Amino acid sequence: MLLSGADILVKTLIEQGCDTVFGYPGGQILNVYDSLYTHQNEINHILTAHEQGAAHAADGYARTTGKVGVVISTSGPGATNLVTGIATAYLDSIPMVAICGNVPTTQIGSDSFQEIDITGVTLPITKHNYFVSSVEQLADTIREAFRLAKSGRPGPVLIDVPKDVQIAKCEYEPKAVVEKETPCAAKEIRIEEAAEYINSAERPYIYFGGGLITAEAQEEMLALAERIDAPVGCSLMGLSAIPTAHPRFLGMQGMHGHYASSMAMHNADLIVALGVRFNDRVTGNRAKFATKAKIIHIDTDGSELGKTVNAACGLRGDLKLTLEKLIPMLKDKSRSEWTEKVNNFRKEEEEYLDNREVLTPRIAICTLNGFLGENTAVCTDVGQHQMWSAQNLVFRTPRRFVSSGGLGTMGFGLGAAIGAAYGTKERSVLITGDGSFGMCLNELATAVTYNIPIVVMIMNNGVLGMVRQWQTLFYDKHYSNSILDRKTDFAALARAFGADGEAVSTPEELEKALEKAFAHSGPYVIDCRIDKDEFVLPMLPPGGSMDDIIVKLEVE
Amino acid sequence: MNRYNLAVLVHNQFGVLNRLTSMFRRRQFNISALTASETESGEYSRITFSFDGEDENKQQLINQLYKLPDVCSIKELTRENSVSCELMMIKMKNDSAVRGDIYAAAEAFGAETIDYSRDSFVLRLIGDSTKMDDFIMLMRDFTILEICRTGTASLEKGSGTLRQAITL
């Protein structure tokens, strides 16, 4: 059938299984919005307060569903407002398709009103991007973008669609949902090599990241752990992949990881790394990182192998398929000595736990745990609250921890929580700080408009806590520009937006507030007053190793 | 540090060179020469470049290149498996006192004069990069006005082609 570019764009999105998009209209994307109006029974558009919020929402939707998140914006400032959101998705390998309008092809390159070279701008933060110069290419470009976004190591893809391409007409034929590239197992010889290393190891540690969630290889990973009797830890991006309560699970490792998990990794003689990229927040000083361990690194992206750490054996391949082949080659082992050592690390960790009975960050998050359903997505912003969340949240279902790990985007959380609520079709939770929340709180308006149930828990300490922590430890307590000292009343602010909320300063008050929040129909903001000198512990100082770990701290 | 020559076959798309060089810049790969040209097929362009670094950097570079959807195939071209050459034009000051010395060197290197005027002349030299470097070293004793080099063009020896190596 003969259709306009705008209709083709919307129809192709629908054809590719997209039922929810996030975005913001503007001059150069008006035709697409006109088409969204026509097709509103088939595709749901969520209007955010800012394009950045829309991008984070598409990201939160993608993280919780595993589907491709879609965001739409106009040209120029609309497109540049997406940049932080796209970069966030890129650094965390989240499948996303961003669609921008642009000025007509006849005006491209002339610095027209709201013209920006967005394909140029997003070149380093997308898997790939497209400038669509004719309507005939449009449908196939969108299909190709979906295929790329979800194939291999997922990531964002941007499509720039000039206005005249949206207006021009051509024939449209619906096609099937594009398949992702067929995943392959790693090379047989590499798998055999890996098996040899694993079979001769005495203290193995399995370490997984976001790649495990993407590959849905949890079952295989746990089978591997059983087979070789190994403890299991993860990176920030790996959280929620397996139930927190799993007996083999030691939690996140790294700069602010669980003591037992980091110690097990440090003392292991073999690390089986699955879908991780050994970021600096994970390794600390690479020269001193896990010096006793040989690393078996399996990742679908070959460029991660040997990028930051030297693996004894690097396997490029799909995690699930590779593990399926690897496991039968492994000897069934039990290692009482290593298990005992790991259990001792756990005991030590227990001893270091903060057991004060005031409203500590840990108590706040543990109280929240009691309210989380099996399917509740918990989103965070970035900073101390993010680390407290990563350390203390209890998950039962994969894809329920939504946090900006790679880019560390303050302001990510509220948009993401909106996307997560649509993705899970139920109430979502945002744990944030007063600094992060201040960055993108405008999206409260969106949550109110669409009556999206989001429990917002602000860990309000009146300071930029993580910055303050570093300034305390490494900058002679020069609290340069990290004291917010704002007079914002977050509960009143929530009411001004049409939401509701309250401030709490004891565990009992928090418990009651959470009861109210989880029964509330729309967004509910809990302003959780905590001390400004709460620290995230343990902490590996930047550039340090496990020998430098700080587990307890007395602040004068 | 070693020098590696890599030939990359890419989709002949608008902006494809930008995609490659953007990645080189972003990841701080040290590219010392680069040539891009159309090929036997309108569908593809060929980009040949020299890269200075260690073997693991080269491997990382290749892995990163393969992640670009426009990259179709990559081959490392070595002295053993390939033939390569470069073209250089060098503009010298025309000074009667040293003209004879310059021309003696030019003759020894097989350089041709392609422009001649009262104040200057241009020599053209074709060959491998070391030959160019050596010739420039010699010319530094005189007054070089301008140099232009194309970068290395390389082809695999024998009947193998980059297109045969397309795996994606």
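**View 1. Helix H12 of chain A at the largest cavity of this predicted model.** H12(A) is the top contributor to the lining of the largest cavity, giving three residues. The cavity has a volume of about 110 Å³. For the grid-minded: on a 1 Å grid over the protein atoms alone, a cavity is a set of points where a 1.4 Å probe fits but cannot get out, and lining residues have an atom within 4 Å of a point. Points are joined across faces, edges and corners, and the volume is the space filled by probe spheres set on them. Of the 16 lining residues, A:Val282, A:Thr283, A:Phe289, A:Leu540 and A:Met546 are the closest to the centre. Two elements of chain A give two or more residues each: helix H12 (259–267) and helix H13 (280–283). Sorted by class, the lining comes out as six nonpolar, nine polar and one charged. In that sorting, Ala, Val, Leu, Ile, Met, Phe, Trp, Tyr, Cys and Pro are nonpolar, Asp, Glu, Lys and Arg are charged, and the others, Gly among them, are polar.

A note on the model: it is predicted, so local features need pLDDT of at least 70 and side-chain atom pairs count only at pLDDT 80 or more, while totals for chains, interfaces and linings use all residues. Residues are numbered from 1 along each chain as its sequence is written, chains are lettered from A and ligands numbered from 1 in the order in which they are written, and side-chain values use heavy atoms, with hydrogens and water left out.

**View 2. The second largest cavity.** The whole structure has two cavities of 30 Å³ or more, and this one has a volume of about 50 Å³. Its lining includes A:Leu372, A:Gly373, A:Glu374, A:Phe395 and A:Arg400.

View 3. Most residues other than glycine have a negative phi, and most peptide bonds are trans. The bond from A:Leu537 to A:Pro538 is cis, with omega near 0°, and A:Pro538 sits in the segment after strand S20 (524–529). A:Gln114 has a positive phi, near 55°, and belongs to the loop between strand S5 (96–102) and helix H6 (118–121).

**View 4. Where chain A meets chain B.** Twelve residues of chain A and ten residues of chain B make the contact (heavy atoms within 4.5 Å). About 1,000 Å² is buried between them, 48% of it from carbon and sulfur atoms; that is accessible area (1.4 Å probe) lost on being put together, summed over both parts. A:Leu123, A:His128 and A:Ser303 supply 45% of what chain A buries against chain B, more than any other three residues.

**View 5. The salt bridge across the interface.** The rule (a side-chain nitrogen of Lys or Arg within 4 Å of a carboxyl oxygen of Asp or Glu) finds one salt bridge between the chains. B:Lys67 and A:Asp301 form a salt bridge through their side chains, at 2.6 Å, N to O. On the side of chain A that touches chain B, the residues are four nonpolar, four polar and four charged.

Technical notes. Buried area = accessible area lost by both parts, 1.4 Å probe. 1 Å grid on protein atoms, 1.4 Å probe; cavity = no way out; pocket = protein on both sides within 12 Å on 5 of 7 lines; lining within 4 Å. Helix = DSSP H or I, 4+ residues; strand = E, 2+ residues; numbered from the N terminus.
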